[in-house]
Every structure is written in C-alpha cells, then in structure tokens.
Amino acid sequence: MSLINDVCTLQEIDDEVAGLEAAIADIDVRLAHSETLAAAEAAFAEADARYQDLRRAQRALEADVAALDAKIAPEEKRLYDGSVRNPKELTAIQHELELLKAQRSQLEDRLLAVMEEFEAADAARRAAEAALAAARREREQEVAALESRRRQLTSSLEASVARRSEQAARIHPASLRLYDEIRRRRGSAVARIQGGTCSRCRVAIPESVRRKAFDPATLAQCPNCERILFIG
Ligand SMILES: [Zn+2]
C-alpha cells in the first residue's frame, strides 16, 4: 500500500476515534444532569413550600380561634350564671363578648379561605410528587440505557485506539509527525485534489504538486492549507 493510502486510513481511524470520544463526552454530559428531572424536582419543591406555608398559616389561625374561644367561654358563663347582677357590668360583659365574637368571626372567615387554599395546595403537591416519582423512574431507565451505550462506545473506542497504533506503526515517523501536526492544527490532515483544487480550502493545486501526489513514496501538501493531498 502506498504511503498516502496508509495516511488516509490513519485519518479514517482518527475520525472514528474522535467521533467515539465525542459520543462518550455527550453521554457523560447527559449522565451528569437531567433537565427534565431537575424541572420536576424544582416543581415539587415549590409545591411543597406552598403546602407547608399554608399548613402553618392554618394552624396559626386555628390556635388564634381557640384562644378567642378560651376568652369567650368564661365571659359567657359570667353573663348567664347569675354571678354578676350589676346591669352596667353585665352590659360591659355583653359588649366585650360582641367584640370577641366579631374578632372570632373574622378569623374564622380567614381560616376558611386558608383551608380552601390548603386543599388546592395539597392536591398540587400530590400531583407534583407523582410527577417527580415518574421523572425519577424515567431517569433511572435513561441512565441505564446511557450507561449501556457508554460501555459499547468505550469498547469500540479501545478497539479503534488499538487499530490506530497499528496503523501509525506502518507510517514513517517523519510522515507521521507531519500528519499529526497538521491534524492538530487543522482538525483534518488529508485533502483530496478535486478538479485541480484542494477539496478542503478550494485553492488551485500547481501541476508540480499534483505530480508529487502521484508518487507513492512521498507526501504532497496543499500550498495553502498544508494538508496532505491525495488523488481520488
Ligand atoms: Zn488546501
């Protein structure tokens, strides 16, 4: 096989290695983070915070109502058990009771409103919890599939890297250095002469270079992009 054929094969293997490495890197990004799961976690955290806030508000209002009940009950007892006979004092107790009951009525209205909100928040929290559980199950399956694919890609990569070493050993060290250097700088080291121009940079290839490209023992380079040229 000619030198240029060996170099072309090396480039094919290197492209394969780069493709496999990129696919593995992509899988690693997807393994590290799931947008869907993160969104479900955030939605549940928000629903849970609202649920907890309303539960605290409901308990506080219930405690306030109970505190008023505790004030109202002894006043009512005093009003009706005959222990107070002074009409002025009885009127004062009645007035006090009216104020306390009005306060309690206001609190009870607020409590009812909060209880309704709490019920809605409870339902929303349950829905978010179910959605999160579903997202976690899906993520588990996704991770298992990604890990399995990663193992396949890794074993393909190992095989390609081994073939790369074998192929590189067939090429003279100076030519290999030239190839590696151009690939490092340009991303690809080999270009085809197509219609008299370099297939990568589109610059016309002089006849002398074209002749050199036919020589199986040497490598011809594009005078513009420096890529190694082959005729095909
Ligand atoms: Zn070129």
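The UniProt annotation "domain: CT398-like coiled coil hairpin", from an unreviewed entry, covers residues 10-187. UniProt positions are given here in the numbering of this model, feature names are shortened, and annotations may be inferred rather than shown by experiment. This is a predicted model: local features need pLDDT of at least 70, side-chain atom pairs count only at pLDDT 80 or more, and totals for chains, interfaces and linings use all residues. Residues are numbered from 1 along each chain as its sequence is written, and side-chain values use heavy atoms, with hydrogens and water left out.

**The annotated stretch**

- Residues 10-187 are 93% helix and 0% strand. Helices (H or I, at least four residues) and strands (E, at least two) are DSSP runs, numbered from the N terminus.
- The end C-alpha atoms of this stretch are 13 Å apart.
- Ala 144 sits in helix α3, which spans residues 87-169.
- Ala 144 and Leu 31 are 113 residues apart in sequence, yet their C-alpha atoms are 9.6 Å apart in space.
- Ala 144 is partly exposed, because its relative accessible area is 43%. Buried means under 20% relative accessible area, exposed over 50%, and partly exposed in between (1.4 Å probe, protein chains only).

**The sheet**

- Four strands form an open sheet in the order β2-β1-β4-β3, with mixed pairing. Two strands pair if DSSP finds at least two bridges between them.
- β2 and β3 stand at the edges with a single partner strand each, so one side of each has no neighbour in the sheet.
- β1 and β4 run parallel and are joined by 4 bridges. Ala 191 stands opposite Leu 229 in β4.
- β3 and β4 run antiparallel, with 2 bridges between them. Gln 221 has Ile 228 in β4 as its bridge partner.
- β3 and β4 also form a hairpin, with 6 residues between them. In the turn, Glu 226 has a positive phi of about 70°.

**Helices across the sheet**

- Helix α1 (residues 3-32) lies across β1 (190-194) and β4, at about 110° to β4. Axes are lines fitted to C-alpha atoms, for helices over the stretch in contact, and angles run from 0 to 180 degrees between N-to-C directions.
- Helix α4 (residues 173-186) lies across β1, β3 and β4, at about 105° to β4.
- Ser 175 belongs to helix α4. Ser 175 is buried, because its relative accessible area is 13%.
- Leaving out residues up to four places away in sequence, Ser 175 touches Leu 3 and Leu 219. Contact means heavy atoms within 4.5 Å.

**The zinc site**

- Cys 198, Cys 201, Cys 222 and Cys 225 are the protein donors of the zinc ion, each through SG, at 2.2 to 2.3 Å. Donors are N, O and S atoms within 2.8 Å of the metal (3.2 Å for Na, K and Ca); water is not among the atoms, so sites may look incomplete.
- The donors follow the spacing C-x2-C-x20-C-x2-C along the chain.
- Cys 198 in strand β2 (residues 197-198) and Cys 222 in the loop between β3 (220-221) and β4 (228-231) are 24 residues apart, and the pair links distant parts of the chain.
- Cys 198 is buried, with a relative accessible area of 0%. Cys 222 is buried too, at 2%.
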